[in-house]
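Work through the exercises below with the sequence and the model open. Each task is followed by a solution in steps.

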Amino acid sequence: MQPIISIRGLSKTYASGHSALKDVTLDIRRGEIFALLGPNGAGKTTLISIICGLVNPSTGTVIADGHDIIKEFRAARARIGLVPQELSTDAFETVWDTVSFSRGLFGKAPNPAHIEKVLKDLSLWDKKGSKIITLSGGMKRRVMIAKALSHEPQILFLDEPTAGVDVELRRDMWRVIRELRDSGVTIILTTHYLEEAEEMADRVGVIRKGELILVEDKLDLMHKLGRKELTLHLATPLAAIPAALSAHPLTLSEDGTTLTYTYDTAGSPTFIAPFLQDMAAAGIAFNDLQTQQSSLEEIFVRLVRATP
């Protein structure tokens with residue numbers, strides 16, 4: 001299937017000499033949720049801004065749903081909805097008016113039925129006559145999404161979509177985003193909430209210092225770069241790891257009550273039997289054991305901290 005966004009050799013160097021993007025090449029699949037992760041200043045917003053036509057690239061091309069974002073700007077931009085991180089709506093407009101006006105900005109004929117559907121889908125229908133200034137932060141963010149959907153885009157960029165909202169509303173927003181994806185809209189989101197990417201994304205891209213260092217299916221990434229820990233709760237505390245167990249990669253807790261064996265998820269778990277045999281031979285008993293796998297957050301931290 002043809003990608004809905006195709007990026008080739010994209011770079012951006014500002015007049016100051018700062019290189020914000022370096023030769024980024026990426027395909028976004030139609031109908032997926034793609035999470036773009038990276039620390040502050042990594043280039044996430046610059047990349048989104050170029051795709052959305054807000055910033056010109058220094059080199060490279062971007063094709064959005066078959067249209068070059070430079071040569072066919074209006075056609076490309078009409079297929080894209082953008083929800084920026086900053087809340088920037090006319091405070092004294094009503095919800096209905098601001099969303100309807102956004103549709104008109106893209107040259108779309110009035111369509112009250114579509115605006116009604118968008119507001120209902122985002123649980124904003126009962127607020128349609130309310131002025132933006134009277135809404136909570138979470139509701140204002142929903143209005144931003146409604147504005148971005150007003151012209152019926154096929155691609156939706158969400159820059160930190162749940163920043164500043166409480167946990168309950170965040171999960172409600174996740175539901176809305178999934179429903180948008182299920183309706184055929186391709187979602188690209190940036191987020192500092194790693195649980196958000198882990199919960200929703202189909203694929204994950206990691207950007208660092210302007211370079212796209214990794215793009216993987218989320219589950220493949222967690223399998224290949226994740227780690228598992230086997231933790232044993234000891235029957236009797238140890239002062240130190242016995243020499244008989246020195247061949248195993250173990251960590252002893254400060255109080256000497258647990259031993260932890262860490263291994264890559266891509267590796268074989270066949271170490272368990274010989275390890276437990278060595279434990280028994282050393283006369284070390286345990287009351288309980290448990291396993292734990294790395295979260296996407298732990299994987300992300302390792303990636304962005306790694307030296308280039």
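**Exercise 1.** Across which strands does α5 lie, and at about what angle does α5 run to β6?

Solution. The model is predicted, so local features need pLDDT of at least 70 and side-chain atom pairs count only at pLDDT 80 or more, while totals for chains, interfaces and linings use all residues. Residues are numbered from 1 along each chain as its sequence is written, and side-chain values use heavy atoms, with hydrogens and water left out.

Step 1. Helices (H or I, at least four residues) and strands (E, at least two) are DSSP runs, numbered from the N terminus.
Step 2. α5 lies across β6 and β7 (155-159), where contact means heavy atoms within 4.5 Å.
Step 3. The angle to β6 is about 165°; axes are lines fitted to C-alpha atoms, for helices over the stretch in contact, and angles run from 0 to 180 degrees between N-to-C directions.

**Exercise 2.** Give the strand order of the open sheet of six strands, and find its edge strands.

Solution. Step 1. Two strands pair if DSSP finds at least two bridges between them.
Step 1. The order is β6-β7-β8-β3-β9-β10, and the pairing is mixed.
Step 2. β6 (80-83) and β10 are the edge strands, each pairing on one side only.
Step 3. From one strand to the next, the twist averages 15°.

**Exercise 3.** Describe the surroundings of strand β9 (residues 203-208).

Solution. Step 1. β3 (residues 33-37) pairs with β9 in the parallel sense over four bridges, and L37 stands opposite V206.
Step 1. β10 (residues 211-217) pairs with β9 in the antiparallel sense over six bridges; here the bridge partner of V206 is L214.
Step 2. β9 and β10 form a hairpin with two residues between them, and K209 in the turn has a positive phi of about 55°.
Step 3. In a regular strand the side chains alternate between the two faces of the sheet.
Step 4. On one side of β9 are R203, G205 and I207, on the other V204, V206 and R208, and all are buried (buried means under 20% relative accessible area, exposed over 50%, partly exposed in between; 1.4 Å probe, protein chains only).
Step 5. Six of the six residues of β9 are buried, so the strand is largely enclosed by the rest of the structure.

**Exercise 4.** Classify the one aromatic pair of the structure.

Solution. Step 1. Rings of Phe, Tyr and Trp (its six-membered ring) pair if their centres lie within 6.5 Å; planes under 30 degrees apart count as stacked, over 60 as edge-to-face and the rest as tilted.
Step 1. The ring centres of W96 and W125 are 6.1 Å apart and the planes are at 70°, so the pair is edge-to-face.
Step 2. W96 belongs to helix α3 (residues 95-105) and W125 to the loop between α4 (112-121) and α5 (137-149), 29 residues apart.
Step 3. W96 is partly exposed at 24% relative accessibility, and W125 is partly exposed at 27%.
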